[in-house]
Amino acid sequence: MTFLIEIKVPDVGNVADIDVVDVLVKPGDKVKLEQTLAVLETDKASMDLPSSAAGTVQEVFIKSGDKVSEGTLIATLLASAEDSAAKPAQQAVEPAPVPVEAVSEPVIAKPESLPETLPSAVSAGAAHASPSVRLFARELGVDIQKITAGSGRKGRILKDDVKNFVKKVMAEGVGQAGSGIPAMPSIDFSQFGDIEEQKLSKIKRLTGQNLSRVWLNLPMVTYHDEADITEMEAFRNALNAEKSKEDIKITGLLFIIKALVAALEQFPQFNASLSVDGERLIFKKYFNIGIAVDTPNGLVVPVLRDVNRKGVNELSAELAEKSSKARLGKLMPADMQGGCITISSLGGIGGTAFTPIVNAPEVAILGVTRAKMQPVWNGKEFVPRLMLPLDLTYDHRVIDGAEGARFMAAVKQYLGDIRRLLL
Ligand code: CAO
């Protein structure tokens, strides 16, 4: 006895029109449980679509280049009774997509960071290459058809061929377009001693591309200051003392989030993005805060939504949930979209100051390092005060120096007297 099983796109967190970048099966293929049927990609993440059953592919309803959304039919499988995970006919099977590596808001791998001479159109035609090499080529914006000779068996195109192609085009681009940025020299470090090579995670690679792009496109200024959080800390400790052991602790970051939103409400130009042509400023009427989270695979930035409408306890639970999902690699693209400004807090680790890079298209980022007791002169004497170092990096095309200083003064004022957040 055989069953017909429909495989559909599962709930992917309100993201519609997801690109199908690869279809890895065709009618007649035998697939195992959890085998990847297709690779989907949004501008934030790439995900494998696993099969929730074993069986033989009867029909495939999507092709590379299609756009799919939740519920789109991917394929039908014919499964026999022996196929252990087979499901009854017509039952919609919705496997959870497996984020290959979810990437943070700033990590948008788009080909525009490469010179225009790099062909950006990607087609999956006749080139002889594996799906992973095709995916790699697409991430770099390389049209695999342009790689004429692969160095693998029977001319198969390998990752190194894609890399060499990009290097060649980049070198030509520098020479032709005169961008003036000389390539880094390639050095054989083994001539100086033992070495070991380790591949960067996808998050690190994409973060690197995006950071370079932001670094080259945005004229950034970082402004440093300190907020007196002595009273805020006393209140925080009192709140935590009321909590039971099972409750989530309130960290200072939550008050920083609230203070930042209050300052955004006061200075709307910080809650804005510059249009790509640099001619218009797009003001946002919502208040979503990105929080940089350090994970074993690299940096990701989950977004807390509508922070202006939420209290510290609610935000605390949400931050705990999102940062734990981030560390487990379980964030969906929707969790990382729509940020207005980002906080990068290294306070749990240490530091006195740093210069965070703006998470464009946002126009500013707030860096936080470790609060420290300091003697502060009050006009009569030195008194011990808990001082929190803050670093505000902003896009100078949008924010003037004086505006940056006023914005920071507002954040400091809210943190110095959190009762002001009620006004
Ligand atoms: N000053 C002093 N102590 C601080 C502090 C600060 N500015 N910030 C946090 N702490 C303390 C907390 O109170 C907590 O103390 P206890 O263990 O005694 O309770 C401890 O440090 C650890 O805090 P935390 O880091 O777990 O919690 P958080 O809410 O402050 O931060 C998160 C959450 C997700 C932002 C953080 O865990 C993280 O990942 N930070 C790294 C972000 C990063 O990598 N940024 C760099 C990006 S590059 O631009």
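Trainee: Which elements do the buried residues of α4 pack against?
Mentor: This is a predicted model, and in it helix α4 covers residues 230–242. The buried residues of α4 are Thr230, Met232, Glu233, Arg236 and Asn240. The elements they pack against are β11 (220–228), α5 (252–266), β21 (382–395) and α7 (401–416).

Trainee: Within what arc do the buried residues of α4 fall, seen down the axis?
Mentor: An α-helix has 3.6 residues a turn, so residues three or four places apart point the same way. The buried set comprises Thr230, Met232, Glu233, Arg236 and Asn240, and on the other side of the helix Ala241 and Glu242 are exposed. The buried residues of α4 line one face of the helix, because seen down its axis they fall within an arc of 155°.

Trainee: What distance does α4 reach from its first C-alpha to its last?
Mentor: Helix α4 has 13 residues, for which 18 Å is expected at 1.5 Å a residue.

Trainee: Is the aromatic pair of Phe267 and Phe270 stacked or edge-to-face?
Mentor: A pair of aromatic rings is described by the distance of the centres and the angle of the planes. The structure holds five aromatic pairs, and in the one formed by Phe267 and Phe270 the centres are 6.4 Å apart, with 85° between the planes. Planes over 60 degrees apart count as edge-to-face, so the pair of Phe267 and Phe270 is edge-to-face.

Trainee: Which residue forms one aromatic cluster with Phe267 and Phe270?
Mentor: Phe267 and Phe270 are both buried, and they also pair with each other, edge-to-face. The aromatic cluster that holds these two rings also includes Phe407.

Trainee: Which residue lies over the face of Phe136?
Mentor: Here a charge sits over a ring, a description that requires the NZ of Lys or the CZ of Arg to be within 6 Å of the ring centre. At 4.8 Å from the ring centre of Phe136, the residue is Lys159.

Trainee: What is omega for the peptide bond that joins Ala360 and Pro361?
Mentor: Most residues other than glycine have a negative phi, and most peptide bonds are trans. Pro361 is found in the loop between β18 (341–345) and β19 (364–368). The bond that joins Ala360 and Pro361 is cis, with omega at about 15°.

Trainee: Is Asp306, which has a positive phi, buried or partly exposed?
Mentor: Asp306 is found in the loop between β17 (303–304) and α6 (312–327), where its phi is about 45° although it is not a glycine. Because its relative accessibility is 26%, Asp306 counts as partly exposed.

Trainee: How many residues apart in sequence are Ile18 and Leu40?
Mentor: Ile18 lies in strand β2 (residues 18–23), and at 0% relative accessibility it counts as buried. In space Ile18 and Leu40 are 6.5 Å apart, C-alpha to C-alpha, whereas in sequence the separation is 22 residues.

Key: Residues numbered from 1 in each chain as written. Predicted model: local features only at pLDDT ≥ 70, side-chain atom pairs only at ≥ 80, totals over all residues. Heavy atoms only, no water. Phe/Tyr/Trp six-rings, centres within 6.5 Å; stacked < 30°, edge-to-face > 60°. Buried < 20%, exposed > 50% of the residue type's maximum accessible area, 1.4 Å probe, protein only. Lys NZ or Arg CZ within 6 Å of the ring centre and 35° of its normal. Helix = DSSP H or I, 4+ residues; strand = E, 2+ residues; numbered from the N terminus. Expected span 1.5 Å × (residues − 1). Arc of directions from axis to C-beta. Contact = heavy atoms within 4.5 Å.
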